[in-house]
Amino acid sequence: MQSGLYIVGTPIGNLGDMSPRSVDVLRNVDLIAVEDTRVFAKLATHFDIKTPRVSCHEHNERDVVPDLIQKMQAGASIAVATDAGMPGVSDPGFRLVRASRDAHIPVFVVPGPVAAIAGLVLSGFPTDRFTFCGFFDEKKLRDDNKIRHTIIYYESPNRVMATISAMARVMPERQIAIVREITKIHEEAIIGYPADLMHIEPPRGEIVIVVAPAPEHKMSDAEISEIVNDIVADAGTKESAAELARRTGISRKEAYRRILHKDGDE
């Protein structure tokens, strides 16, 4: 193997998705930096990978990276692999890749499955423009809603219902897809408006949430009024009008009038 860093994608659920090249690289590098040695051991056993490995996860990556860089500068070939999917995509690996680039160490990629992209394709939502926002953060949701094209999040099953509820408050006009257990036996895409999904059976397993682009059609008075009710409680009149105009497509003048009318009712 040529010395350098090899970014190796691994299956996100179905071992049949492991590429022959991924197996070959992992078998032949000098060392593998893995997210969790116990999780990787199952993959290694299945594919007869006996290469030495070292733990490299979010809590020790800063400390481990300098030693790995020194090894590669001395001529070692090192692969980086996470528990599932592509290293660096909401997983450890980014710091190691960046440090390798800074040290002028050759970096190679061995592509594999990415849950975000698989979830996007399964959703049926537009793929020409999309933004991956990593793990869902409710505090950033209003800012995220300013993204008018498709949005992708990762989420854990124990928080997904609270996430759907937050989306129903902030982006009720946008469809969402709850995509779970990608590539596994129970793979499923649950699609609908957030309010319609608030009472579903809580999904289990690994979850990707895909948010459809904001609608371009003119919204009904009832739909606009529903958004007004959400907005007025959280900001001043000027800010509320700007937010309403952005989310509904109506003019700022009309949005200002509707906000004032709502405030008057109260």
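**Exercise 1.** Find what share of the contacts in the protein between residues at least 6 apart in sequence joins residues at least 24 apart.

*Solution.* A contact means heavy atoms within 4.5 Å. Among contacts between residues at least 6 apart in sequence, 65% join residues at least 24 apart. The model is predicted: local features need pLDDT of at least 70, side-chain atom pairs count only at pLDDT 80 or more, and totals for chains, interfaces and linings use all residues. Residues are numbered from 1 along each chain as its sequence is written, and side-chain values use heavy atoms, with hydrogens and water left out.

**Exercise 2.** Decide whether S77 is buried or exposed, and list what S77 touches.

*Solution.* Start with the place: S77 lies in strand β4, residues 77-81. Strands (E, at least two residues) are DSSP runs, numbered from the N terminus. Next, take the cut-offs: buried means under 20% relative accessible area, exposed over 50%, partly exposed in between, with a 1.4 Å probe and protein chains only. S77 has 1% relative accessibility, so S77 counts as buried. Leaving out residues up to four places away in sequence, S77 touches M1, Q2, S3, G4, Y6, N28, V29, D30 and L31. For the whole protein, 45% of the 266 residues count as buried.

**Exercise 3.** State how many helices and strands the protein has.

*Solution.* Helices (H or I) are DSSP runs of at least four residues. The secondary structure comes to eleven helices and ten strands.
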